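Please read this briefing alongside the sequence and the 3D structure shown below. The points are grouped by topic for a reader who is new to the structure.

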Amino acid sequence: MNYNVDPSGYYGQYGGAFIPEMLYPNVEELRQNYLQITSEESFKNDFHQLLKDYVGRPTPLYFAKRFSEKYNTKVYLKREDLCHTGAHKVNNTIGQILLAKRLGKTRIIAETGAGQHGVATATVCALMGLECIVYMGEVDIKRQAPNVARMKMLGAKVVPAKSGSRTLKDATNEAIRDWINHPVDTHYIIGSVVGPHPYPDMVARFQSVISEEVKKQLLEKEQRENPDYVVACVGGGSNAAGIYYHYLNQPEVGIIAVEAAGKGIYTGESAATSVLGRTGIIHGSKTLLMQTPDGQITEPYSISAGLDYPGVGPMHANLYTSGRGEFISITDDEAMQAGLELSQLEGIIPAIESSHALAIFKERKFQEKEVIVINLSGRGDKDLNTYIDYFNL
Ligand SMILES: *Cc1c(COP(=O)(O)O)cnc(C)c1O
């Protein structure tokens, strides 16, 4: 079994490009060029130079000694929280902006929910001197004021999406509309392994630097490249795709995906897409999707804004359906406790998204000698107010 994308843009039965005809030229231009451009030596040099000098890679692979002792197993943390801008998202925006430049684009658009991807996009646009327009739901603009301020400070224009529920999916619709109207000069930077082919594969490749580094680092620390498990939280699935990538087709490495159960999987306030989802089309891709019986997308809920997405990328839908991945759902409360625990055992305050991945040890037991690598996708600075309210700090 091959868990990478196939030549027609599918992961098993999921993926493809379900797009309006007017978007076809834009997506087709990307599809025809992304593999060739990203495999050129000059592209790889520019990408790795920026990852090193600007993002701060390689990020450490840290053996969490006290945390490991507590759960009687060997836990390593891949420290994506130490990336510039505070999370893994910048790996992808660096890759896409370099690609956009080589395609001759001068204008960048993006959609954002919580604002993390918007900030990562505004950052690389400032770096490259390109015009940046970020679509964001009007409701989210109010909820995520600090990230809106950061984007503006970085020189981006933040455009409110005022239709529908005025959240992420409405911002996505606005971005797609913009792209249709600007087919020649504009590149659309999607922030996760979602969207029409080739986006899921392209974003996974940019994020695959994470598992590329883990292989080298684990060889140094454990004299072997392969851990027993790789673990990541899944919103759209990009940090997970990054840490799974070089292990996808190595069956001896277990893959664990952690979704947000919100207030409980069956409470109606959840984002546990693999359990609750059915096959449908979102964002131009066929995948597992939370929807009503007649196919309307359901509003997801999670305390963590980055996991609050009604679908998962097609790679993950296939990992779930095929049984290659083990999927675990973690509630808000479990994640918050795990975030507090890591802070006090290791002196690392994680993003609430990443706290979901850390929470699996309460219910999922591992052997003493097993090596588990968790992707610590981001740092908790952006979540401080949520932690303060929750714990009455
Ligand atoms: C956005 C975000 C996520 C979720 O996105 P994925 O594409 O699933 O990785 C997870 N962690 C952090 C810190 C984020 O900012």
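**Overview**

Glu341 is buried, with a relative accessible area of 13%, where buried means under 20% relative accessible area, exposed over 50% and partly exposed in between, with a 1.4 Å probe and protein chains only. The model is a predicted one, in which local features need pLDDT of at least 70 and side-chain atom pairs count only at pLDDT 80 or more, while totals for chains, interfaces and linings use all residues. Residues are numbered from 1 along each chain as its sequence is written, and side-chain values use heavy atoms, with hydrogens and water left out.

**The ligand and its surroundings**

- The ligand is surrounded by 17 residues, of which the closest are Lys89, Ser192, Gly237, Ser238 and Ser377; a residue is near a molecule if one of its heavy atoms lies within 4 Å of it.
- Both domain 1 (10–50 + 89–203) and domain 2 (56–86 + 208–391) give residues to this shell, so the ligand lies between them; the domain bounds come from an automatic or database domain assignment.
- The shell divides into four nonpolar, 11 polar and two charged residues, where Ala, Val, Leu, Ile, Met, Phe, Trp, Tyr, Cys and Pro count as nonpolar, Asp, Glu, Lys and Arg as charged, and the others, Gly among them, as polar.
- An oxygen atom of the ligand is 2.6 Å from a side-chain N or O atom of Ser192, and an oxygen atom of the ligand is 3.0 Å from a side-chain N or O atom of His88.
- From the backbone, an N or O atom of Gly236 lies 3.2 Å from an oxygen atom of the ligand.
- Taken alone the ligand exposes 380 Å², and the protein buries 97% of that; accessible areas come from the Shrake-Rupley method with a 1.4 Å probe, and for residues only the protein chains shown count as cover.

**Salt bridges**

- Side chains of opposite charge can pair when their charged atoms come close.
- The whole structure holds 25 salt bridges, each being a side-chain nitrogen of Lys or Arg within 4 Å of a carboxyl oxygen of Asp or Glu.
- Glu341 and Lys362 meet through their side chains in a salt bridge of 3.4 Å, N to O.
- Because Glu341 lies in helix α14 (residues 332–346) and Lys362 in the loop between α15 (352–358) and β14 (371–376), this pair ties together parts that are 21 residues apart in sequence; helices (H or I, at least four residues) and strands (E, at least two) are DSSP runs numbered from the N terminus.
- Lys362 is exposed, with a relative accessible area of 55%.
- Glu29 and Lys105 form another salt bridge, with their closest N and O atoms 2.8 Å apart.
- Glu29 belongs to helix α1 (residues 24–39) and Lys105 to the loop between α4 (89–102) and β5 (107–112), so the pair ties together parts that are 76 residues apart in sequence.
- Glu29 counts as partly exposed at 27% relative accessibility, whereas Lys105 is buried at 6%.
- Asp228 forms a salt bridge with Arg224, with the closest N and O atoms 3.1 Å apart, and Arg224 is partly exposed, with a relative accessible area of 29%.
- Arg57, Lys78, Glu80 and Glu213 are linked in a network of salt bridges.

- Among the buried residues of α9 are Tyr199, Met202 and Phe206.
- Ile141 is found in helix α6 (residues 138–143) and is partly exposed, with a relative accessible area of 21%.
- The C-alpha atoms of Ile141 and Gly113 are separated by 8.6 Å, and the two residues are 28 residues apart along the chain.

Technical notes:
Polar contact = N/O pair within 3.5 Å; in protein donor to acceptor, adjacent residues only side chain to side chain.
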